[in-house]
Amino acid sequence: MTHYPQTNSVHRATRIQLATTPALVKLSDGHRTKGRLQLISVTGGLLQLASALSEGDFVEVAFQTQSGDVHGMAEMLNPVRSVPGSVFQPFRFVALGDDDHQTLRMVVESIGDQSFQGLRSRQWSSPKL
């Protein structure tokens, strides 16, 4: 069964920053390009690419996580910024297989929980006198 991620206008999906995660992007014409996944959520992410893709392009995005591979269909959004030699471009998932969605959700929750615990322990630790 296929999962169709939905955005929620009230609550923004948790986003996590990944350490150097290579991603493969397959365009509708069959061409492929490589990028680096900068941020990810259960509804989409941010890719660093050598050159921008057209806003509205439907692509396949694939990447590996510590919990397994994730492969989904996505729509490319308007690039948010560029630096010499690369561009940062967001995308939103339009379809994910159930296994891919479960893997992605586990990764986001796991890293999000670790980040929250680290923040909480720093926030509540007793000050040194």
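**Exercise 1. Strand pairing around E8**

In which sense do strand E4 (residues 44–49) and E8 pair, and over how many bridges? Find the other partners of E8 as well.

Before you start: this is a predicted model, in which local features need pLDDT of at least 70, side-chain atom pairs count only at pLDDT 80 or more, and totals for chains, interfaces and linings use all residues. Residues are numbered from 1 along each chain as its sequence is written, and side-chain values use heavy atoms, with hydrogens and water left out.

Solution. 

- Step 1. Strands (E, at least two residues) and helices (H or I, at least four) are DSSP runs, numbered from the N terminus. Two strands pair if DSSP finds at least two bridges between them.
- Step 2. Take E4. Strand E4 pairs with E8 in the antiparallel sense, over 6 bridges. Leu 47 stands opposite Gln 89 in E8.
- Step 3. Take E6. E6 and E8 run antiparallel and are joined by 5 bridges. Here Ala 74 faces Phe 93 of E8 as its opposite residue.
- Step 4. Take E7 (residues 81–83). Its link to E8 has 3 bridges and is antiparallel. Ser 82 has Val 87 in E8 as its bridge partner.
- Step 5. Look at the turn. E7 and E8 form a hairpin with 2 residues between them. Gly 85, in that turn, has a positive phi of about 90°.
- Step 6. Check burial. Buried means under 20% relative accessible area, exposed over 50%, and partly exposed in between (1.4 Å probe, protein chains only). In E8, 10 of the 12 residues are buried, so the strand is largely enclosed by the rest of the structure.

**Exercise 2. Salt bridges**

How many salt bridges does a search of the whole structure find? Describe each pair.

Solution. 

- Step 1. Apply the cut-off. A salt bridge is a side-chain nitrogen of Lys or Arg within 4 Å of a carboxyl oxygen of Asp or Glu. The search finds 2.
- Step 2. Take Arg 92 and Glu 75. Their side chains meet at 2.8 Å, N to O. Arg 92 lies in strand E8 (residues 86–97) and Glu 75 in strand E6 (residues 68–76), so the pair ties together parts 17 residues apart in sequence. Arg 92 is partly exposed at 35%, whereas Glu 75 is buried at 17%.
- Step 3. Take Glu 109 and Arg 105. Their closest N and O atoms are 3.3 Å apart. Both sit in helix H1 (residues 98–124), 4 residues apart, which is about one helical turn. Glu 109 is partly exposed at 42%. Arg 105 is partly exposed too, at 33%.

**Exercise 3. Confidence**

Over which residues does pLDDT stay under 50?

Solution. 

- Step 1. Read the overall value. Mean pLDDT, the predictor's confidence in each residue from 0 to 100, is 81 for the protein chain. Of its residues, 71% reach 70 or more.
- Step 2. Locate the stretch. pLDDT stays under 50 over residues 113–129. The model has 0 contacts beyond four places in sequence for them.
- Step 3. Draw the lesson. Where pLDDT is low, the predicted coordinates should not be read in detail.

Definitions and conventions. Contact = heavy atoms within 4.5 Å.
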